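Let's take a friendly walk through this model together. Keep the structure open and follow along as we go.

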Amino acid sequence: MYAQMVKTDASRVKSPDDMDSQERAFQERIDAGQKIEPKEWMPEGYRKTLIRQISQHAHSEIVGQLPEGNWITRAPTLERKAILLAKVQDEAGHGLYLYCAAETLGVSRDALYEQLHSGKAKYSSIFNYPTLSWADIGAIGWLVDGAAIMNQVPLQRCSYGPYSRAMIRICKEESFHQRQGYDILIKMMKGTPAQKAMVQDALNRWWWPSLMMFGPSDDASVHSVQSMAWKIKQNSNDELRQKFVDQTVPQAEYLGLAVPDPDLKWNEEKGGYDFGEPDWNEFFEVIAGNGPCNAERLGARRTAWEDGAWFRDGLTAHAEKAARRAQPGAAE
Amino acid sequence: MSSEWPLWEVFIRGQHGLNHRHVGSLHAPDAEMAINNARDVYTRRNEGVSIWVVRSSDIAASAPSEKGPLFEPANAKVYRHPTFFDIPDEAGHM
């Protein structure tokens with residue numbers, strides 16, 4: 001998802017008998033549906049896992065601006081341009097909500113940026129694919145934001161208060177993202193054969209990477225079981241992927257598009273679609289930094305950070321000077 | 001070499017005469033920029049008509065460990081709620 005394959009430091013999930021009294025009381029609060037708040041006691045593993053998950057999520061929002069930002073200057077109309085600008089600005093906002101939530105766990109903003117810029121921290125695999133045509137902007141809103149919503153809606157109920165509250169804000173805004181994308185595609189599918197072909201091409205390229213967003217099957221993963229016990233993950237990757245496919249296929253049909261999966265078939269018995277396996281080798285390559293745009297994305301982030309340094313320093317200097325002046329008896 | 005901008009807590013007053021409410025935090029070099037940034041980060045959809053910002057380091061907070069002594073005494077004082085008292089129907093609306 002926006003946070004993929006988050007490790008928990010757990011080699012196995014503790015039973016209540018293995019926990020000390022403090023940890024057991026903590027788990028009981030989570031089981032009772034209570035929220036954990038920043039200054040309260042929490043197991044070190046819970047804190048570290050949340051920092052990893054929330055910061056990876058934040059990094060994804062920030063890097064996620066880049067593939068779409070690519071089309072702001074080339075949007076087909078002024079209205080589409082204004083909408084895309086607003087959407088990309090939302091992504092920046094979502095990143096900021098999430099960084100704030102991560103900081104309540106005792107990590108600094110600059111440390112988080114450093115982890116992103118050095119390549120130490122990950123962000124979602126999906127943003128390492130290129131946006132080749134205007135239809136890609138539609139496909140990203142529809143598929144990528146659609147997949148993100150699948151994951152983020154349950155995260156609103158997550159056990160950590162600041163993360164849960166950030167997710168509530170984000171989910172309120174996310175539906176606009178998906179709808180504006182689908183609206184782009186509806187419009188293009190009423191257009192010329194060339195425009196329709198662009199939409200089909202975009203779906204062909206974005207379908208599998210979108211399914212990969214949920215991460216490989218984690219039914220056997222100790223990290224997943226631990227995260228679920230802590231209620232910082234609510235559904236398995238396969239569950240969410242199934243839900244996404246079931247919701248999205250009829251939307252593709254409505255548009256008159258063919259989903260690029262020969263194994264896709266409605267399964268009456270399970271009341272959902274059967275579908276093929278994404279190419280997990282490709283996924284692991286992208287995660288490892290070898291996707292089509294990894295270097296470009298990180299490069300753009302680093303350049304933005306470094307080129308902005310003089311500006312950040314200037315504002316800091318101004319603020320310090322103004323504060324000195326405000327002190328009684330300060331020399332002008 | 002850059003030093004990190006301080007953290008500010010952001011409070012927004014919504015449209016309908018409610019109190020300012022904490023909505024989150026952000027980094028900014030000074031109060032003026034904090035308000036400018038809060039406008040962009042927290043009120044993109046008409047969420048507010050007024051913004052307060054305060055440096056996070058200036059907030060004093062109760063400790064989670066004091067939760068019991070601070071708030072439990074109120075549990076025993078149910079008579080502070082009007083529903084504690086049974087008023088006969090005959091007395092009319094009260």
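Across the interface of chain B and chain A, twelve residue pairs are in polar contact, both partners at pLDDT 80 or more; a polar contact is a pair of N or O atoms within 3.5 Å, where within protein one must be able to donate a hydrogen and the other to accept it, and residues adjacent in sequence count only if both atoms are side-chain atoms. On the side of chain B that touches chain A, β2 (20–27) and α1 (31–42) of chain B each supply at least two residues. Helices (H or I, at least four residues) and strands (E, at least two) are DSSP runs, numbered from the N terminus. That side of chain B divides into ten nonpolar, four polar and seven charged residues; Ala, Val, Leu, Ile, Met, Phe, Trp, Tyr, Cys and Pro count as nonpolar, Asp, Glu, Lys and Arg as charged, and the others, Gly among them, as polar.

This is a predicted model, in which local features need pLDDT of at least 70 and side-chain atom pairs count only at pLDDT 80 or more, while totals for chains, interfaces and linings use all residues; side-chain values use heavy atoms, with hydrogens and water left out. Residues are numbered from 1 along each chain as its sequence is written, with chains lettered from A and ligands numbered from 1 in the order in which they are written.

There are also five salt bridges between chain B and chain A, a salt bridge being a side-chain nitrogen of Lys or Arg within 4 Å of a carboxyl oxygen of Asp or Glu. One of them joins A:Glu173 to B:Arg45, with the closest N and O atoms 3.4 Å apart.

Now look inside chain A. A:Glu68 forms a salt bridge with A:Lys87, their closest N and O atoms being 2.8 Å apart. Because A:Glu68 lies in helix α3 (residues 65–69) and A:Lys87 in helix α4 of chain A, the pair ties together parts that are 19 residues apart in sequence. Both A:Glu68 and A:Lys87 are buried, meaning under 20% relative accessible area, with exposed over 50% and partly exposed in between (1.4 Å probe, protein chains only). A:Glu68 and A:Lys87 also belong to a network of salt bridges with A:Glu91 and A:Asp145.

Another pair is A:Arg80 and A:Asp183, whose salt bridge has its closest N and O atoms 3.0 Å apart. A:Arg80 lies in helix α4 and A:Asp183 in helix α7 (residues 161–189) of chain A, so this pair ties together parts 103 residues apart in sequence. A:Arg80 counts as buried at 14% relative accessibility, whereas A:Asp183 is partly exposed at 37%.
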